[in-house]
Amino acid sequence: MNLRRSKIDIVHDILKAMHDKGGRIKPTHLLYKSNLSHNRMMEYIKELLGKGLILEEKEEEKISYAITNSGLEFLANYKKLKEFTEAFGL
Amino acid sequence: MVTGIITGPKWFFGIDSLLEAVSMLICFSIFAFSFKLYKITREKRHLYFSAAFGLLTLAFLVRSVTNLIIHFRTVSDWGMQHLPQIVVAKGILSVTKIFLLGYIAHIALTLTALALLVVLCLKIEDKKPYFLLLLLMSVLVYLSNSYFASFYLLSLILLSFITYYYFKNFWTKRKAATLLTFVAFLLYTGAPLAFFSQKIFGLGYALAYILQFSGFLTMLAALLIVMLKK
């Protein structure tokens, strides 16, 4: 059994962490919840921002990340996404 | 030079078009579902995968119609009557030309789709090898003595790579859907082999279509497992 998380699992974990925190999360909390190194987490954040699955919010110079409707759709379809990606080796 | 001889049993003519049409619908389902997932994930791999099955959908559509034209004279006569007369009179289009164009389109679309799947399986990020592969295959097919023989040989090579990848995928993940995908491509790989055998034994043509169709039915089963996942 492959114990390494796939990319889709990591994205799911990041989005779920945001969702569980009421849709918004600070970077330090996300670092803890996502179980990633800081550099890797920032790579994923950059990618998810680019794809519109999350957005960056600034409040009094403090950054937080919020899940978008596209991100929620990802979470809702996660199991199908994961199954399809595994079945067709993507 | 294009040569192509259909040596299949007469009773199978028409059934081949039907099997192509159903395969087309299955490919379209995979294309549509994969594209829907791409819209959620924005992953380029999902887009390219859906593009590959979109191309296969078109390939089967073209071949299904082309087979109908050559198998059923009434269909081709009806078609010729409804073409603009100037097109028929000037010999711009004849049944033979439509047949050749259809098969060449089928060859081009199928090889483009399979090459895309190979690039996805080998996880090649750079686009240049894909275009190089397409260029080499085009030259090979064009310069060959038989478009059909070169097409089936190239399909066999590409499908072998794809099937091996899906075998490794199944071996790593050991899930029902991954097993079905591997078996699907294994059956699909048998089809070009059976097409080659049609010169040796008459039922090779029918066997090829049955193998190909079985492959796509198995792929549909894999897709249904995914779609029914809650």
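**Exercise 1. Work out how B:K128 and its salt-bridge partner sit relative to solvent.**

Start with B:K128: its relative accessible area is 59%, so it is exposed (buried is under 20% relative accessible area, exposed over 50%, partly exposed in between; 1.4 Å probe, protein chains only). Next, find the partner: the side chain of B:K128 meets that of B:D126 at 3.6 Å, N to O (a salt bridge needs a side-chain nitrogen of Lys or Arg within 4 Å of a carboxyl oxygen of Asp or Glu). B:D126, at 39%, is partly exposed.

A word on the model: it is predicted, with local features needing pLDDT of at least 70 and side-chain atom pairs pLDDT 80 or more, while totals for chains, interfaces and linings use all residues. Residues count from 1 along each chain as written, chains are lettered from A in the order written, and side-chain values use heavy atoms, leaving out hydrogens and water.

**Exercise 2. Now take the bridge between B:E20 and B:R63 and say what it joins.**

Check the distance: the closest N and O atoms are 3.3 Å apart. Then place the ends: B:E20 is in helix α1 (15-41) and B:R63 in helix α2 (44-71) of chain B, so the bridge ties together parts 43 residues apart in sequence. Finally, look at accessibility: B:E20 is buried at 1%, and B:R63 is buried at 3%.

**Exercise 3. Find the salt bridges between chain A and chain B.**

The count is three. One of them pairs A:K51 with B:E43, closest N and O 2.5 Å apart; these two also belong to a salt-bridge network with A:K7 and A:E47. A:E86 and B:K175 form a salt bridge too, at 2.7 Å. A:E86 is buried at 13%, whereas B:K175 is partly exposed at 32%.

Terms used. Helices (H or I, at least four residues) and strands (E, at least two) are DSSP runs, numbered from the N terminus.
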